[in-house]
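Try each one yourself, then read on for the worked solution.

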Amino acid sequence: MRQYLGKITKHDVVNTFGVTILPAGITLQEEHLILLEKHGIDDVSVFLDVVLSNPNPNRVETPRQAVEKLTERARSMYASIKDTGQIPLKELEAEIVPAVKNIANDPSMFKLFEAVKAQGDYTYEHNIGVGVISTMIGKWMNFSDDDLTALTLAATLHDIGKVKIPEEILNKPGKLTPEEFELVKKHTIYGYDLLKKTEGISYRAALVALQHHEREDGRGYPLGLTSDKIDVFSKIVGVADIFHAMSSDRPYHKALPFYEVVRQLRDGFFGQLDPGIVHVFLENITTKLIGQQVMLTDERIGEIVFINPHDSEAPLIKVGEEFVDLSSNRQIQIKRIIGF
């Protein structure tokens with residue numbers, strides 16, 4: 001097994017029961033080799049050294065740097081749309097969409113989640129973050145490349161109607177008044193109107209702008225649609241929108257702890273969000289948790305070493321020489337995944 005030391009896994013490593021032991025994209029250390037031996041796994045697909053060699057590592061753009069660059073482009077694009085009322089479709093298709101898809105291809109999923117969290121300019125960072133997360137979900141749902149491109153474009157433009165909402169309301173640090181909230185809700189209709197009159201753009205992009213706040217039980221807005229009348233792109237963007245919003249600092253609340261985000265998404269199974277899409281999303285998160293460093297709610301740092309297939313939200317954590325089983329110690333939970 002020692003020939004794998006320091007190599008990076010190409011694919012998820014699963015045991016004979018189908019449980020993910022190690023995720024793709026992890027650098028194999030001594031403790032990982034021990035874990036593999038315990039599960040009787042002696043053949044692992046890894047990247048060759050030549051693939052990993054990089055003579056100029058400082059020149060590699062990190063996901064966060066790529067997100068920051070795209071955020072600046074989004075800010076400029078929104079200003080132009082606000083002034084002209086025109087969507088620069090060619091620019092979006094040539095620059096923004098390929099860049100968002102490229103970011104979504106990063107093999108380190110949790111580093112990626114950390115990179116797309118809004119860290120200041122929420123309005124613009126949110127559009128890029130939702131575009132990236134929606135693209136990841138589309139890949140996990142085995143979308144064709146054409147559908148994936150269409151989804152990426154629609155997700156990145158989902159909040160475009162906010163160009164018609166005053167910034168002092170969008171960035172208000174306190175709770176919105178009922179009148180202000182009713183105005184903000186109109187961004188769905190404004191976005192739909194902007195996109196449906198844009199020549200060459202998919203009608204589904206306009207639907208996503210209109211429907212991404214609709215909910216399975218009919219309690220969303222602006223039309224109160226139920227599940228069968230909501231486009232699947234809109235359902236995906238709805239899940240990505242909620243995940244990104246809960247995971248990010250916003251003008252009126254701080255990012256929620258990881259365990260709380262997962263819990264609320266799971267609760268969304270029951271009525272609000274499409275259960276199949278939520279399942280795909282959370283399944284891909286939990287199966288790739290092994291090997292990730294985490295901060296616990298008691299501020300200790302540890303590494304996830306085993307996912308209980310019957311209780312995936314409460315894994316086994318190695319903290320120093322101690323093992324903490326979250327399934328039997330409910331007082332401690334995962335506060336956040338350390339993405340770097």
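**Exercise 1. How much space lies in the largest cavity, and which residues line it?**

Step 1: start with the volume. About 70 Å³ of space lies in the largest cavity. A cavity here is a set of points on a 1 Å grid over the protein atoms alone where a 1.4 Å probe fits but cannot get out. Its volume is the space filled by probe spheres set on the points, with grid points joined across faces, edges and corners.

A quick word on what you're looking at: this is a predicted model, where local features need pLDDT of at least 70, side-chain atom pairs count only at pLDDT 80 or more, and totals for chains, interfaces and linings use all residues. Residues are numbered from 1 along each chain as its sequence is written, and side-chain values use heavy atoms, with hydrogens and water left out.

Step 2: find the lining, meaning residues with an atom within 4 Å of a point. Among them are Gln211, His212, Glu214, Arg215, Ser234, Lys235 and Asp274.

Step 3: ask where they come from. Helix H12 (residues 232-247) gives the largest share, three residues. Helices (H or I, at least four residues) and strands (E, at least two) are DSSP runs, numbered from the N terminus.

Step 4: sort by class. You get two nonpolar, five polar and five charged residues. For this sorting, Ala, Val, Leu, Ile, Met, Phe, Trp, Tyr, Cys and Pro count as nonpolar, Asp, Glu, Lys and Arg as charged, and the others, Gly among them, as polar.

**Exercise 2. Which residues line the second largest cavity, and how do they divide by class?**

Step 1: the volume is about 30 Å³.

Step 2: look for Ala150, Leu153, Ala154, Ser202, Arg204, Ala205 and Phe233. Helix H7 (145-156) and helix H11 (203-211) each give two or more residues to this lining, and H7 has the largest share with three.

Step 3: the classes come out as five nonpolar, one polar and one charged.

Step 4: zoom in on two of the lining residues. The charged end of Arg204 sits over the ring of Phe233, 3.6 Å from its centre. To count, NZ of Lys or CZ of Arg must be within 6 Å of the ring centre and within 35 degrees of the ring normal.

**Exercise 3. Which residues lie nearest the centre of the second largest pocket?**

Step 1: a pocket is an open set of points with protein on both sides within 12 Å along at least five of seven lines. This one holds about 800 Å³ of space.

Step 2: of its 32 lining residues, Phe181, His213, Tyr221, Arg250 and Tyr252 lie nearest the centre.

Step 3: The charged end of Lys185 sits over the Tyr221 ring, 5.3 Å from its centre. A cis peptide bond joins Tyr221 to Pro222, with omega about 10°. Pro222 itself is in the loop between H11 and H12.

**Exercise 4. Is Ser248 buried or exposed, and what does its side chain lie beside?**

Step 1: Ser248 is in the loop between H12 and H13.

Step 2: its relative accessible area is 0%, so Ser248 is buried.

Step 3: a polar atom of the Ser248 side chain lies 2.8 Å from the backbone oxygen of His244.

**Exercise 5. Where is Asn142, and what is its phi?**

Step 1: Asn142 is in the loop between H6 and H7.

Step 2: phi is positive, about 60°, although Asn142 is not a glycine.

Step 3: at 69% relative accessibility, Asn142 counts as exposed.

Definitions and conventions
Buried means under 20% relative accessible area, exposed over 50%, partly exposed in between (1.4 Å probe, protein chains only). A polar contact is a pair of N or O atoms within 3.5 Å; within protein, one must be able to donate a hydrogen and the other to accept it, and residues adjacent in sequence count only if both atoms are side-chain atoms.
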